[in-house]
Amino acid sequence: MATMLGRETGGSPQTTARFIKAMERSVLKHFRGHCINCMCHPTECLYSYSDTAVARASDDFYPRDAASHTTHIANVAYNSLF
């Protein structure tokens, strides 16, 4: 979506940065800066955060679904390294 919206304004990275700055101003005003970013791992997002630098590291965790544990741990470890 950001790629389509940003075609005439500098592309996805610049459009994403503008959206994130607006979101961060709103979070500072309405939530005193408390925010956990979700669905936020594209590079243009990660390099745009300044005031809301906490990111969710994985998808939901399902403790009763043993088949999901390995993927969950791998996703958290990979995303936490960055």
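E24 is buried, because its relative accessibility is 1%, under the 20% cut-off. The model is a predicted one. E24 forms a salt bridge with K21, and leaving aside neighbours within four places in sequence, S50 is in contact with both K21 and E24.

**Helix 2**

- Helix 2 covers residues 11–31.
- The 21 residues of helix 2 should span 30 Å at 1.5 Å a residue, and the end C-alpha atoms are 29 Å apart, so the two values agree.
- The buried residues in helix 2 are G11, S12, T15, T16, I20, E24 and V27.
- Helix 2 is followed by R32, which has a positive phi near 55°.

**Salt bridges**

- The count of salt bridges comes to two.
- Side chains of opposite charge can pair when their charged atoms come close.
- E24 and K21 both belong to helix 2 and are three residues apart, about one turn of the helix.
- An α-helix has 3.6 residues a turn, so residues three or four places apart point the same way.
- K21 counts as partly exposed because its relative accessibility is 33%, whereas E24 is buried at 1%.
- R56 forms a salt bridge with D60, and here the closest N and O atoms are 2.3 Å apart.
- R56 is partly exposed at 30% relative accessibility, and D60 is also partly exposed, at 41%.

- S50 lies in the loop between helix 3 (43–46) and helix 4 (69–81).
- With a relative accessibility of 46%, S50 counts as partly exposed.
- The side chain of S50 makes a polar contact of 3.2 Å with the side chain of K21.
- S50 and E24 are 26 residues apart along the chain, and their C-alpha atoms are separated by 8.1 Å.

- S58 sits in the loop between helix 3 and helix 4.
- S58 counts as buried because its relative accessibility is 17%, under the 20% cut-off.
- Not counting residues up to four places away in sequence, S58 touches H72, N75 and V76.
- The side chains of S58 and H72 are joined by a polar contact of 3.3 Å.

- Most residues other than glycine have a negative phi.
- R32 is not a glycine, yet its phi is positive, about 55°.
- R32 is located in the loop between helix 2 and helix 3.
- R32 is exposed, because its relative accessible area is 71%, over the 50% cut-off.
- M39 is not a glycine either, and its phi is positive at about 55°.
- The position of M39 is in the loop between helix 2 and helix 3.
- M39 has a relative accessible area of 78%, so it counts as exposed.

Terms used. Residues numbered from 1 in each chain as written. Predicted model: local features only at pLDDT ≥ 70, side-chain atom pairs only at ≥ 80, totals over all residues. Heavy atoms only, no water. Helix = DSSP H or I, 4+ residues; strand = E, 2+ residues; numbered from the N terminus. Buried < 20%, exposed > 50% of the residue type's maximum accessible area, 1.4 Å probe, protein only. Contact = heavy atoms within 4.5 Å. Polar contact = N/O pair within 3.5 Å; in protein donor to acceptor, adjacent residues only side chain to side chain. Salt bridge = Lys/Arg side-chain N within 4 Å of Asp/Glu carboxyl O. Expected span 1.5 Å × (residues − 1).
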